[in-house]
Amino acid sequence: MRASNLRIGQILINSGDITEEQLDEVLIKQKTSGGNKRVADILIEDGIVTEQQVCKALEKQLFIPYVDLDTITINEELGGVIPEDLATQHKVVPIEQEGRFLTVAIADPLNYQGLKDISIATKMKIKPVIGEATKITSKLRELYAAQKAIDDAKEFLESKGGKSKAQIEAEEAAQQDASANDQPIIRFVNNMIEEAIFTKTSDIHIEPMEKCLRIRFRIDGKLSTYMETAPELIPSVTSRIKFIGNMNIAEKRIPQDGRIKYHVGGKDIDFRISVLPSIFGEKIVMRITTSLGMELKKENIGFLPENLKKFDHLVKSNRGIILVTGATGSGKSTTLYTALHEVMGEDINIITVEDPVEQIQPGITQVQTNEKAGLTFAAALRSILRQDPDIIMIGEIRDGETAGIAVQAAITGHLVLSTLHTYDAPSSVARLVDMGIEPYMVSSALLGIIAQKLARRLCVSCKEAYVPDENERIGLGLDPNEEITLYRKCGCEKCGKKGYKGRIAVHEVMLLTTALKRAITAGKSTDEVRDIAIEEGMIPMKENVRIDVLKGLTSYEEFIEMTISND
């Protein structure tokens, strides 16, 4: 049998990546699922092989070269060579054009019909190379997404006679059914949202300026410009987002809040929307509250092994207060939801009170505060205590009344989880005392405090090894003669030339030991509490970052940025 006539299953058997028994099981699974999935896709989903193993096996059997698309920069002009729908249908991305020859990366080189269709559409001779399907999808988004947004904006402006007409018709275009996709302004907003989800953006900033509409994405804690387009789009984009967020489109004088659930890639993504009037229009910030690419598991948070043991000890408690502290956007809510996931079960009654509800959690009763209606944190907590709760989660302790009810709930046998805005764990004690809670009540109710920050993670594909200099050794407390390798940012296609990709949480976990309870009751200062906590085994946040630098997870540059205010 010729190599070109072999099916992918047989090719993987020949390469030794799977057994005949495994292939038989997958073929049965393919039939029972309707036969719509490729054998290779099922093998990858089940973790039997990786995408790269499939590509390497195909390369060896078919003599078609494999290309790592992470190492390739594609000329954006190639976006006009293959129609997007055809490229997406066959999972093909153009990577190079030489005269009448077009080199394309394809996930399935045995898809001869797809290659033929592309040859007919482009009127070129096709030279295939093999690439992973996920990387091809990523490259297709890079190639077509930004251009689509520009084209949609251009089409919208050209379809309106001028600025005044655009403003008149803006709300008409915006108030279409959420699933409609025939209006350029709807496509523009949808493309922006999908690109933000794809790039794992935490916040979308839509900012009306005097001479443009600027859109920025916050990725790994840093804002970067996604697009600047004509100011004529300001009213239509604003109206569209307010409409899908169930806000009052006609009201432009006061701040408004809303939320949407956007369905993409088989998953519902929750957005929290804030609208703020400004001199050139309404600024909108859309926060993605769904944890993208992260399951709510304690192993995913980034705890050091010692801190993970402390976390386990805290969440297994029956009564008391567990606080998670840190700045806005430091992942406090994700840590709280993870803690709830660790303890939830059909024999546990969990009720949360939040403003706003960050993530919808099945199996948990979640209460949204409403200040105008009188449903404050304190009012909601009083009602919750009559609902026979085992565990109460308070989105944030903001005032003395809420703090007092939380303390009473903890002392009377409930486990209470909440957040505070403080810089580190020991200062949270002083914050509660400042809210009017007596020190002896704080020491009695408090179980522990988890302080958290997010450090940028070095891109694993391009981080560069080096030997630290004298200043870096002093900063990290290293022996001058110790042989050690650190890593610094470099920049590649995979991380968008930034050198960092993703973030890692760093913590200090302070358990309320007997010595700490005595210190708090005695009214010791924050510095004295911190010293005792370290003596009792607390790993300071600075030490957590230092460990991550030595592990090669982050850079010395990030260490300085994260800890300089501690000194």
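Contact here means heavy atoms within 4.5 Å, and helices (H or I, at least four residues) and strands (E, at least two) are DSSP runs, numbered from the N terminus. With that in hand, let's walk through the structure. This is a predicted model, in which local features need pLDDT of at least 70 and side-chain atom pairs count only at pLDDT 80 or more, while totals for chains, interfaces and linings use all residues. Residues are numbered from 1 along each chain as its sequence is written, and side-chain values use heavy atoms, with hydrogens and water left out.

Let's start with a pair of helices. In α13, the residues F377, A378, L381 and R382 meet E401, T402 and I405 of α14. By class, this contact has four nonpolar, one polar and two charged residues. For these classes, Ala, Val, Leu, Ile, Met, Phe, Trp, Tyr, Cys and Pro count as nonpolar, Asp, Glu, Lys and Arg as charged, and the others, Gly among them, as polar. Helix α13 covers residues 377-384 and helix α14 residues 400-411; they pack at an angle of about 20°, with their axes 8 Å apart. Axes are lines fitted to C-alpha atoms, for helices over the stretch in contact, and angles run from 0 to 180 degrees between N-to-C directions. The angle makes α13 roughly parallel to α14; angles under 35 degrees count as roughly parallel, over 145 as roughly antiparallel, 65 to 115 as roughly perpendicular and the rest as oblique.

Now zoom in on I405, which sits in helix α14. Is I405 buried or exposed? I405 is buried, with a relative accessible area of 13%; buried means under 20% relative accessible area, exposed over 50%, and partly exposed in between (1.4 Å probe, protein chains only). Leaving aside residues up to four places away in sequence, I405 touches A378, L381, R382 and L385. I405 and A379 are 26 residues apart in sequence, and their C-alpha atoms are 9.7 Å apart in space.

Next come the strands. Six of them form an open sheet in the order β6-β5-β4-β9-β8-β7, with antiparallel pairing; two strands pair if DSSP finds at least two bridges between them. Because β6 (222-229) and β7 (256-264) stand at the edges with a single partner strand each, one side of each is left without a neighbour in the sheet. Neighbouring strands of this sheet are turned by 20° against each other on average, direction ignored. Helix α9 (residues 184-198) packs on the sheet, touching β4 (203-208), β5 (213-219), β6, β7, β8 and β9, and its direction makes about 75° with that of β7. Within the sheet, β8 (residues 267-278) and β9 (residues 281-288) pair over eight bridges, and R272 has R287 in β9 as its bridge partner.

Our last stop is strand β10 (residues 320-325), where six of six residues are buried. G320, I322 and V324 point one way, and I321, L323 and T325 the other way. Strand β10 pairs with β14 (residues 415-420) in the parallel sense over six bridges, with L420 in β14 as the bridge partner of T325. Five bridges also join β10 to β15 (residues 446-458), again running parallel, and V324 has I450 in β15 as its bridge partner.
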